[in-house]
Amino acid sequence: MIQTENLSLAYGATPVVNNVSLAIPEGAITCLLGPNGSGKSTLLKSFAGLLSARSGRVLLDGQPIDEWDRQRLALRLAMLPQKPIVPDGILVKDLVTLGRFPHRKWWQKNQTEDNRIAHDSMTMTGVAELADRPVEALSGGQQQRVWIAMALAQETSILLLDEPTTFLDWGYQLEVLELLAKLNREHGLTVVMSLHDLNQAAQFADHIAIMANGELQAVGSPAEVITESLIQRVFRVETTVTSEANGRPFCSGYAAAFKTPKIAST
Amino acid sequence: MATETALQPSSRVASGLILGVVGLFLAVATGIQTGAVDLSWPQVWAVFTGDSTEHAHRVVFDIRLPRTLVGLLIGVHFALSGWLLQLLSRNPLAEPGILGISAGASLVAVIAFIVGDWVFSSGNPYNNASPALDYLPLFAMTGGLVAAVAVYSLGLSNGRLSPLKMTLTGAVIAGMLHALTTGALAFWGHAHTELVAQWLAGSLYGAKWGHLASLLPWTIAGLAGVGLLLGPLKVMQLDEQHVQTLGLPLNRWRAFALLIATLMAASAVGVAGPVGFIGLLIPHISRKLAGPRLSAQLLLCVVLGALLTVGADVLGRTLFSPYEVPVGVVSAILGVPFFLYLLSRQS
Amino acid sequence: MANHPNVPLYRAYGTAFLILAVLFVLGLMAGSRWVSPSSLWTVLSGGGDILTKVSVMELRLPRNLLGILGGAALGMAGAVMQGVTRNPLASPGLTGVIASAALAVVSLRTLANPDAFWLPLMALAGGFLGGALTFVISGRRQLQPERVVLAGIAVTSLATAVTTGLLLVSGAEAAELYYWLAGSLMGRGWVQLELVLPWLVLPMAALLAMHRPFKLLQLDDDLALAMGLAVGRWRLIFLLLSLLIAAALVAFTGPIVFIGLVAPHIARRMIGSEIKHWLPLTALLGALLLLSADILARQLAFPQELPVGMLTALIGAPWLIYLLNTKTSVRSA
């Protein structure tokens with residue numbers, strides 16, 4: 001499992017994440033929330049060992065992440081970037097099979113087992129019938145499911161996703177989140193993702209970490225974390241948080257700037 | 001259009017390969033038959049069966065055959081180099097000429113030639129056989145490598161490769177190196193200016209068996225390197241960070257791909273001068289025919305690269321005969337409109 | 001990248017003039033025979049020995065003047081191109097104008113043996129074709145900086161390839177043409193200066209006089225149109241004038257690249273967005289750059305001379321790469 005200890009990250013001289021200590025529970029869905037530029041994506045990249053810490057450290061299974069061999073790491077966790085590049089003209093099945101790369105030496109060809117696993121992951125994400133189509137020709141939601149299939153073919157127990165819903169229509173957003181929830185439920189996949197939408201996080205996450213200005217503001221279950229006072233502080237939005245039938249919080253809000261009592265008094 | 005490539009890629013690759021090989025055979029045959037001395041087809045046939053005149057035998061074996069074969073290898077070199085560079089930088093405009101690799105190779109080769117000439121034949125202006133000539137591919141490779149590393153590292157922004165920045169940086173460096181080459185040649189070229197100018201135009205004129213021998217080891221090394229790269233290249237088409245989370249040591253493989261691309265381009269420059277645009281044209285045509293399958297693209301690159309170069313050389317020799325249009329000029333005239341077409345399609 | 005005027009105007013002009021004057025005197029003294037300040041004074045006041053007199057008055061003076069004039073012309077051509085296309089990378093070199101003009105001159109000198117009078121005309125025709133090709137290809141409406149440069153690269157490489165091919169045909173003249181292609185002020189005297197003078201001075205004066213429409217062309221097209229400026233026509237006039245001076249100069253000095261790119265940028269850094277003063281200051285800085293590069297070219301490899309085009313490329317290319325690294329729009333993939 002992933003754990004950070006007093007972690008600080010920076011791009012060049014610009015500090016982005018400051019002194020974050022956080023533990024990601026195994027087998028759960030964890031959401032990183034926060035305004036743009038709060039450092040949530042950066043934090044996620046550091047979990048994948050893509051950034052080296054300025055101070056503090058990231059531990060995976062108790063071992064500092066930069067001591068992990070890249071290939072061994074690729075067998076433990078998969079990551080889906082925010083805007084992955086689609087290689088020119090590549091077919092769905094070929095892209096998904098690329099997820100098998102860490103399981104073979106680089107000079108080895110794919111074996112039948114690899115093709116079977118790739119096919120299974122396409123079935124799990126519901127893109128098996130698209131296998132022979134070029135990825136570019138698919139809709140945004142289908143593409144995202146293909147990418148998730150590729151990450152599944154990697155057969156890791158941890159999946160990191162950087163804002164997997166940002167470029168999708170609302171319907172596709174729910175589709176992707178439900179797929180992730182299903183994979184978590186049925187296969188015990190540990191999911192860590194950054195999200196924009198508070199309510200989506202509240203609905204799908206078991207565990208939420210809220211970031212602002214590079215610092216960790218709150219960690220806990222959705223009901224613990226999503227409160228009117230915290231949202232007011234982090235997003236500067238006035239909200240009303242109610243409880244849904246399933247016990248998860250739901251917030252409806254409006255920007256604080258438009259509701260200032262001073263305007264009413266003048 | 002993308003679905004079209006998906007329909008019958010294998011039959012297209014096969015027909016492309018067959019046509020390419022037939023075309024290449026015809027081009028090689030024409031290359032052997034045509035030239036300043038008229039040879040009829042029966043005479044050419046006679047040379048290979050062994051009952052021809054001494055003269056015809058000489059023309060074919062000492063002049064035309066080596067020249068054609070060198071052209072063939074040059075084509076393979078430039079095409080594969082361009083193919084690797086385009087994959088590596090995810091940039092359809094990448095090419096050894098445009099990225100400054102050929103210009104770096106040319107500059108160092110010209111300097112080596114001038115210095116070698118000055119060291120070895122001073123006092124004897126008639127001694128043209130400067131030993132520097134034999135090592136020209138090596139010098140060219142040094143120059144090409146330095147230019148490639150410079151362009152590559154300047155083309156990074158925040159540790160990520162920016163295709164556009166890499167192209168622009170390459171063009172600027174190519175422009176600078178070109179100015180330096182022209183300057184060096186103008187001021188220290190002396191009696192050899194014409195000879196070097198010929199080479200700088202990208203020409204197969206006077207290519208001998210010796211050139212073939214100095215090129216062949218690099219062809220073999222390059223092909224072996226490309227073979228090793230096939231697997232990793234598939235993954236390297238993805239986003240940088242994505243590649244790393246798949247467990248591929250990206251920087252090491254990029255460096256290796258850049259090394260192979262540079263060795264191939266620069267060794268070819270060392271023999272035939274900077275022939276441009278083959279590395280741009282051929283990978284594109286191959287991709288169009290082969291679709292996303294890298295191994296099929298690779299095969300087509302080899303065959304079509306050889307075909308284009310040998311064909312361009314034959315064309316250059318016959319078009320304005322007795323004048324010879326260097327193969328570099330022919331390929332530029334063919335390649336530039338294509339480059340512009342690609343540019344106009346890029347959004 | 002807001003343009004804050006960093007230097008007061010009078011100081012910018014003053015410094016440039018002062019350095020130019022010093023360089024001018026230095027340019028008269030430097031050369032294969034070093035002329036001391038005192039003997040330079042004697043020559044300038046009409047005395048001195050014949051050898052010194054010839055080398056100062058007949059060789060170095062016209063060469064210096066050509067350097068100043070040529071540098072100013074290249075700088076202004078670059079500034080005008082950058083201004084009216086609102087493209088920080090536009091310049092005679094990067095848009096293929098110089099290489100095409102050079103191709104035209106080389107073809108004329110290879111295929112015919114013309115009087116020097118025809119050279120600027122031919123260079124102009126070539127430069128115009130090359131420039132037009134670049135701008136048409138890169139899209140008439142949206143002249144995105146990167147696309148213009150990429151199209152310019154293509155036009156340049158085509159022109160260069162054909163030029164090299166022609167050199168092979170030109171036989172005995174190849175060495176001389178090669179020398180010319182390296183770009184140099186060596187051996188250019190009063191004759192060349194006289195021939196090129198009208199081609200440079202008239203368009204430059206016109207450009208300086210038209211600073212009001214030039215200022216409007218910096219704005220958004222629609223905005224300029226709304227202010228009653230015939231944008232298309234004026235842009236064409238400005239581009240033609242800048243092509244004219246760049247191509248005419250190439251006909252006599254050979255291709256000298258990068259000055260048209262660098263000088264406008266330095267000027268902008270110095271005085272910010274004072275458009276009215278941008279052109280004159282750019283002209284001054286261009287003159288300064290070319291003259292100093294020429295003096296360096298005479299001295300660095302003494303007793304031989306380096307081609308000045310080599311030096312300007314050595315100075316200009318790193319500058320351009322620096323520019324690519326600071327400009328934000330180029331950074332995104």
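1. Starting with the interface: 28 residues of chain A are in contact with 23 residues of chain B (contact: C-beta atoms, placed from the backbone, within 7 Å). On the chain A side, α2 (70-76), β6 (77-80) and α3 (92-98) each supply at least two residues, and α2(A) gives the most, with four. Helices here are DSSP runs of H or I with at least four residues, strands are E runs of at least two, numbered from the N terminus. By class, that side of chain A has 19 nonpolar, two polar and seven charged residues (nonpolar: Ala, Val, Leu, Ile, Met, Phe, Trp, Tyr, Cys, Pro; charged: Asp, Glu, Lys, Arg; polar: the others, Gly among them).

2. Keep in mind that this is a predicted model, where local features need pLDDT of at least 70, side-chain atom pairs count only at 80 or more, and totals for chains, interfaces and linings use all residues. Residues are numbered from 1 along each chain as its sequence is written, with chains lettered from A and ligands numbered from 1 in the order written.

3. On confidence (pLDDT, the predictor's per-residue score from 0 to 100), chain B has a mean of 83, with 91% of its residues at 70 or more. Within chain B, helix α1 (residues 2-7) is lowest at a mean of 43, and helix α13 (residues 294-319) highest at 92.

4. Helix α4 (residues 54-89) of chain B packs against α13(B) at about 135°, axes 7 Å apart. The contact includes B:G71, B:W83, B:C301 and B:D313, and its residues divide into 13 nonpolar, six polar and one charged.

Terms used:
Contact = placed C-beta atoms within 7 Å. Axes fitted to C-alpha atoms, helices over the stretch in contact; angles between N-to-C directions.
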